[in-house]
Amino acid sequence: MSFRIGLTGLNAAQQDLEIVSNNIANSNTIGFKGSRAEFSDVYASSVGGGDGQVAGVEVATISQQFSQGNITSTDNALDMAISGQGFFVVNDNGQMNYTRAGYFQLDANNYVVNNQGLKLQGYSADGSGNVLVGTQTDLKINQTSMPAQATSNVVALANLDARLDVIPVRLTDPTDPASAPLPIDPTDQSTFSSTMAFNVNDSLGGSHTVSMYFEKTGDNAWDIEFYFDGDGPELSQSVTFNNDGTLATPNPGTLTMGIIAGDNRLSGANGMSFDIDISKFTQLGTNSAVNQVTQNGFPPGSLSSIQITDDGVLEALYSNGQTQVQGQVVLADFANDSGLIPMGDSLWQSSIASGDPALGIPGAGVMGSLESGALEQSNVDISLQLVRLIEAQSNYQANAKTIETSNNLTQALMNII
């Protein structure tokens with residue numbers, strides 16, 4: 001019996017050595033999760049239910065250790081690391097696999113694939129950048145250029161200096177007090193108190209300059225004239241301010257400016273009509289200044305790079321400074337990670353023991369967050385594995401010694417006989 005017990009010990013120690021060696025061999029494998037041998041004793045019971053006998057040891061199970069690995073930065077924006085629970089879902093011709101190895105890149109058809117060419121799963125986005133949650137698909141990057149968008153809305157924040165003097169009225173006929181007043185002359189700074197300008201875009205993406213000239217006409221009263229690419233005025237508006245410096249009229253403070261189709265300045269683009277929100281204009285006793293101007297038009301742009309947010313949203317960055325959402329990565333979580341079946345290449349498949357995958361977006365619920373431009377290293381602690389290697393080796397030698405001792409005893413018995 002002692003021979004058999006020693007043999008079971010050798011077999012168990014040999015498997016332990018193989019597991020430790022595999023851990024050490026994969027200590028630099030991205031997304032690798034170490035394993036450990038879990039032993040149990042073997043007890044041979046008699047057929048009649050009487051006292052049994054010890055029968056050695058066996059490897060009861062090889063347990064996978066899904067602890068977090070260290071995260072290191074890379075130069076590839078599509079590399080991803082999960083900080084916390086969850087697995088990437090990759091599609092192998094319809095067979096879903098799960099991995100923590102975040103090597104990702106674009107293939108020839110612009111699908112996001114791992115280093116085995118398996119397609120990363122996620123939610124797609126429509127043409128407006130809205131993520132279509134619930135529609136799991138192969139994530140793909142749209143490489144087409146972003147079309148231009150004509151300006152339809154401008155928001156301007158500025159202050160007009162209340163301390164400025166009123167500009168005297170200039171008449172078309174100085175000898176006739178009843179003649180019409182002259183408009184602002186952009187070439188004559190004595191005819192206006194202040195000016196500001198901003199750019200707008202037409203339907204072809206062409207950039208145009210809208211200039212605003214301000215003439216103080218009285219206490220808390222101003223005239224504004226709008227010029228388009230230096231010509232105009234295209235729009236004239238009188239405004240008044242309250243005693244606290246806020247805009248009184250027009251109320252609401254939104255003006256509409258238009259340029260008809262066929263205007264030579266548009267160079268073939270559609271006619272333009274855009275709102276200019278001046279409701280945040282103030283008239284205070286400080287220098288005239290433009291605090292902020294925003295507008296929603298932009299020129300066409302080509303895809304320049306891709307970035308991934310912590311919650312897995314894929315954003316395409318374009319040369320015109322715009323971004324567009326192209327999809328969102330989903331992660332899978334399992335009731336029992338240890339029940340996953342290792343398939344090699346840092347991949348796992350689900351099983352009855354693991355339970356079905358629960359899908360979710362990174363950072364939501366129990367799902368970990370994503371770090372782009374980073375990879376999760378193996379979770380193998382090389383120092384610990386070397387200690388375990390020594391222990392396994394000692395265990396193997398000890399079991400071999402029991403067999404040797406049993407053999408010596410048997411030889412001694414044979415010599416006596």
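**Exercise 1. Find the largest nonpolar core and say which residues have the most contacts inside it.**

*Step 1.* Start with the term: a nonpolar core is a set of buried Ala, Val, Leu, Ile, Met, Phe, Trp, Tyr and Cys residues joined through side-chain atoms within 4.5 Å. Buried means under 20% relative accessible area, exposed means over 50%, and partly exposed is in between (1.4 Å probe, protein chains only).

*Step 2.* Here the largest core has 28 residues, and Met 212, Phe 226, Ile 278 and Phe 281 have the most contacts inside it. Strands 11 (153-161), 12 (194-201), 13 (207-218), 14 (221-228), 15 (231-241), 17 (254-259) and 18 (272-277) each give two or more residues to this core. Helices (H or I, at least four residues) and strands (E, at least two) are DSSP runs, numbered from the N terminus.

*Step 3.* There's also a second, separate core of 19 residues, which includes Leu 118, Leu 314, Leu 347 and Leu 370. In soluble globular proteins, nonpolar side chains tend to be buried together.

*Before you go on:* this is a predicted model, where local features need pLDDT of at least 70 and side-chain atom pairs count only at pLDDT 80 or more, while totals for chains, interfaces and linings use all residues. Residues are numbered from 1 along each chain as its sequence is written, and side-chain values use heavy atoms, with hydrogens and water left out.

**Exercise 2. List what Met 212 touches.**

*Step 1.* Contact means heavy atoms within 4.5 Å.

*Step 2.* Skip residues up to four places away in sequence, and you get Ser 194, Thr 195, Met 196, Phe 198, Ile 224, Glu 225, Phe 226, Ile 278 and Phe 281.

**Exercise 3. Work out the strand order in the five-stranded open sheet, and which strands stand at the edges.**

*Step 1.* Two strands pair if DSSP finds at least two bridges between them.

*Step 2.* Follow the pairs and the order comes out as 12-13-14-15-16, with antiparallel pairing.

*Step 3.* Strand 12 and strand 16 (247-249) are the edges: each has a single partner strand, so one side of each has no neighbour in the sheet.

*Step 4.* From one strand to the next, the twist averages 35°. For such angles, axes are lines fitted to C-alpha atoms (for helices over the stretch in contact), and the angles run from 0 to 180 degrees between N-to-C directions.

*Step 5.* Now zoom in on one pair: strands 14 and 15 are joined antiparallel over seven bridges. Ala 221 stands opposite Thr 240 in strand 15.

**Exercise 4. Is Ser 369 buried, exposed or partly exposed, and what does it touch?**

*Step 1.* Locate Ser 369 in strand 28 (residues 369-372).

*Step 2.* Ser 369 has a relative accessible area of 28%, so it counts as partly exposed.

*Step 3.* Leave out residues up to four places away in sequence, and Ser 369 touches Ala 81, Ile 82, Ser 83, Asp 310, Pro 362 and Gly 363. Take Asp 310: it is 59 residues from Ser 369 in sequence, yet 5.6 Å away in space, C-alpha to C-alpha.
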